[in-house]
Amino acid sequence: MEFETHEDAYLFYKNYAKSIGFGTAKLSSRRSRASKEFIDAKFSCIRYGSKQQSDDAINPRASPKIGCKASMHVKRRPDGKWYVYSFVKDHNHELLPEQAHFFRSHRNTTEPVKATGRKKNSPLADCKHLSAYHDLDFLDGYMRNQHDKGRRLVLDNGDAQILLEFLMRMQEENSKFFFAVDFSEDHLLRNVFWVDAKGIEDYKSFSDVVSFDTTYFVSKYKVPLVLFLGVNHHVQPVLLGCGLVADETVYTYVWLMQSWLVAMGGQTPKVMLTDQNNAIKAAIAAVLPDTRHCYCLWHVLDRLPRNLDYWSMWQDTFMKKLFKCIYKSWSEEEFDKRWLKLVDKFHLRDVMWMRSLYEERKFWAPTFMRGVTFAGLSTRCRSESVNSLFDRYIYAETSLKEFLEGYGLMLEDRYEEEAKADFDAWHEAPELKSPSPFEKQVLLVYTHEIFGKFQLEVLGAAACHLTRESEEGTTYSVKDFDDDQKYLVDWDESKSDIYCSCCTFEYKGYLCRHSIVVLQMSGVFTIPLNYVLQRWTNAARNRHQISGNLEVVQSNIRRFNDLCRRAIILGEEGSLSQESYDIAMFAMKEAFKQCAIKFNTIEHPARCEEATIQLGDPVQEENQYGSTSKQIGPEPNIHASNAPGQAEARREKRSSVNNTSKRAKHVAQSATVGEGSQEGFQNVAAPRPMQALLAGQFHNTMPGVYQNVIPTEFHNLPATNMHQNNPPG
């Protein structure tokens, strides 16, 4: 190959390196003594050569040099053309094409120089997790202007050692634990992300809406913590990831979102809720282009006092007008009209923040949220949000060490609450409070928490009066005497599509009393199936989507609950000795095979034979807690010594709901980690496997991550041959 200048040759080598997955450096160059022009240049991998610093340096700095020989040597001919004098292709380390854009040498990469050779297409185009980075000009522009040097995660002395030990120990205890670490160009710890196995598994069932909570970071808490949060079918918060970040730049949020997406197997959420932040907005647009990005209502309303002058003088009047605009606007045109009237009345047209709110109204205003479901994560104030439940564990002065020590306890509390709610759902049926067919319809379908909330809507329908807005139209006016407000409901019976201006379904996920009144008056006494969200049902974790009518769903859930109860009893009996454990395991594996074959026979007859051959032994796979089949459930060292002792043990187990809950939950213990005395990960005395990762994968890249596919839980499989019991009432 030939090039016009040695700079052209280097640009070509950089683009080649970017497509392959390594960083580059100018190793050396030489000028002619006579003409003073460059006549020789050598370019190399950033890991070329060996570390020169002595081992007894007072503050040794990490070095990427590990003896790699990959390089390209070019020389100048008498005619001025440059040619490749030598080229070494092989590297002694792993190449990272998917994270190549994080190398400093590639952040300003321009288009490849046209030479006599052909450009190699970048493998980024085929990368599933990095599809948002096909055009990196957007990200590169921010990175060039962010003054990367010196940016680091602010930690107390010794916290880096504590954090490293925590991540390593969690990953050793559970191979499904995922973490990623980001370093600056000076090899300083910059950003960290992690998520436990339960969070990864929860996301499979509750990926419809995720809240990205930066409250603790922007409020200047001692721990620079950001959280990925969801909500389960019992209206309880689920932790989908934790991050410690250095700053609020686009780069940081892009790295964090990308790390989280990799941990979740590339599955994007339908809705992402965040604070109103331009850097977060840009990062989501880059990494999650297919996700609906919305702002939490409480974030928007919480900023009112901080962004409006003379707030206290007209707070009540202003809020009344604002709430009318936000919550009572039936159409987008009506919202625009009321907003403009509001800003004129209070002379707010020139307030930049109010202008930004209006420009981004489709990110937060309820009027524009038709067809979106927030599952209760977007509320009017933070205290009503499930996010606030984490406030009891995190305080402004909580240190990193204290947070990590309490991390396991926090998760254990969450899992205990979920296990208790599951237990109640399996053993108790809620009580009917009215003869309404709507209430009976979802009695065994909804979880207890959601059924109780929906029950209030059914009872509240008695306080609503309906009038038709027009004879030929499908829009109704409903006067709610409970709050003395009037709401509009649009009902299209041909499409089973209903919408109320109170937006209860959009924000909470179940139908409101106003919609129930309209359905009743229209002669419809069953809830359309598309308004019974599976995420709120007892079958929320079922890998099969609910379909058909709700009577079929009720039958499935009755069978599911019955099997769960029996599985708990089987676990109690099977755990008393190794012999009973082996018997229970054998029976479970055989039942699993037969149920899977039966399902394939019904749903996919042509695949039945193939499924029988390929089914294998699923119970032998690692479960979501990183255990093999020999570790499923508790396995105490109890042998069949005397029957009375075993009977007594069984009675003790069955006498306590808490014991059952603890066996059902997924415990993630977090013991106290050791203290360190050095700052920065580059000085941490890491275990030998981690040192290899730090030297090889972590330099200026998104590091190597711990990621495995988690199989479906056994108790999520529905049965097909269970007798049907009629619901009470």
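This is a predicted model: local features need pLDDT of at least 70, side-chain atom pairs count only at pLDDT 80 or more; totals for chains, interfaces and linings use all residues.
Contact here means heavy atoms within 4.5 Å. Residues are numbered from 1 along each chain as its sequence is written, and side-chain values use heavy atoms, with hydrogens and water left out.

Ser50 sits in the loop between strand S3 (38-45) and strand S4 (71-76); helices (H or I, at least four residues) and strands (E, at least two) are DSSP runs, numbered from the N terminus. With a relative accessible area of 46%, Ser50 is partly exposed. On this scale buried means under 20% relative accessible area, exposed means over 50%, and partly exposed is in between (1.4 Å probe, protein chains only). Cys68 comes 18 residues away from Ser50 along the chain, and the two C-alpha atoms are separated by 8.2 Å.

Zooming out, the protein chain has 23 helices and 16 strands. Of its 729 residues, 52% count as buried. Taking contacts between residues at least 6 apart in sequence, 67% join residues at least 24 apart.

Next come the empty spaces. Rolling a probe the size of a water molecule over the atoms shows where empty space is left. The search uses a 1 Å grid over the protein atoms alone: a cavity is a set of points where a 1.4 Å probe fits but cannot get out, while a pocket is an open set with protein on both sides within 12 Å along at least five of seven lines, and lining residues have an atom within 4 Å of a point. Grid points are joined across faces, edges and corners, and a volume is the space filled by probe spheres set on the points.

The whole structure holds 5 cavities of 30 Å³ or more. The largest cavity contains about 90 Å³ of space. It is lined by 13 residues, and Pro237, Val238, Leu239, Arg414 and Tyr415 are the closest to its centre. Two or more lining residues come from each of helix H4 (197-205), strand S10 (237-244) and H13, with H13 giving the most, 4 residues. By class the lining splits into 5 nonpolar, 3 polar and 5 charged residues. In this count Ala, Val, Leu, Ile, Met, Phe, Trp, Tyr, Cys and Pro are nonpolar, Asp, Glu, Lys and Arg are charged, and the others, Gly among them, are polar.

The second largest pocket holds about 1100 Å³ of space. Its lining has 35 residues, of which Tyr327, Arg380, Cys502, Thr504 and Lys508 are the closest to its centre. At least two lining residues each come from helix H10 (315-327), helix H15 (448-460), strand S15 (485-492), helix H16 (504-508) and helix H17 (513-521). H10 gives the most, with 5 residues. The lining as a whole has 15 nonpolar, 7 polar and 13 charged residues.

Of its 9 residues, 7 are buried, so H17 is largely enclosed by the rest of the structure. The buried ones are Arg513, His514, Ser515, Ile516, Val517, Val518 and Leu519, and they pack against H14, H15, strand S13 (464-468), strand S14 (475-480), S15 and strand S16 (497-500). After H17 comes Gly523, with a positive phi near 80°. UniProt, in an unreviewed entry, lists residues 487-523 as "domain: SWIM-type"; its positions are given in the numbering used here, feature names are shortened, and annotations may be inferred rather than shown by experiment. Over residues 487-523 the chain is 38% helix and 27% strand, with the end C-alpha atoms 20 Å apart.

Ser434 lies between helix H13 (400-427) and helix H14 (437-441) and is buried, at a relative accessible area of 17%. Its side chain makes a polar contact of 2.4 Å with that of Glu439 (a pair of N or O atoms within 3.5 Å; within protein, one must be able to donate a hydrogen and the other to accept it, and residues adjacent in sequence count only if both atoms are side-chain atoms). Beyond neighbours within four places in sequence, Ser434 is in contact with Glu439, Val458 and Leu459. Ala375, in the loop between helix H12 (352-359) and H13, has a positive phi near 55° although it is a residue other than glycine, and counts as buried at 1% relative accessibility. Asp484, in the loop between S14 and S15, also has a positive phi near 55°, but Asp484 is exposed, with a relative accessible area of 54%.
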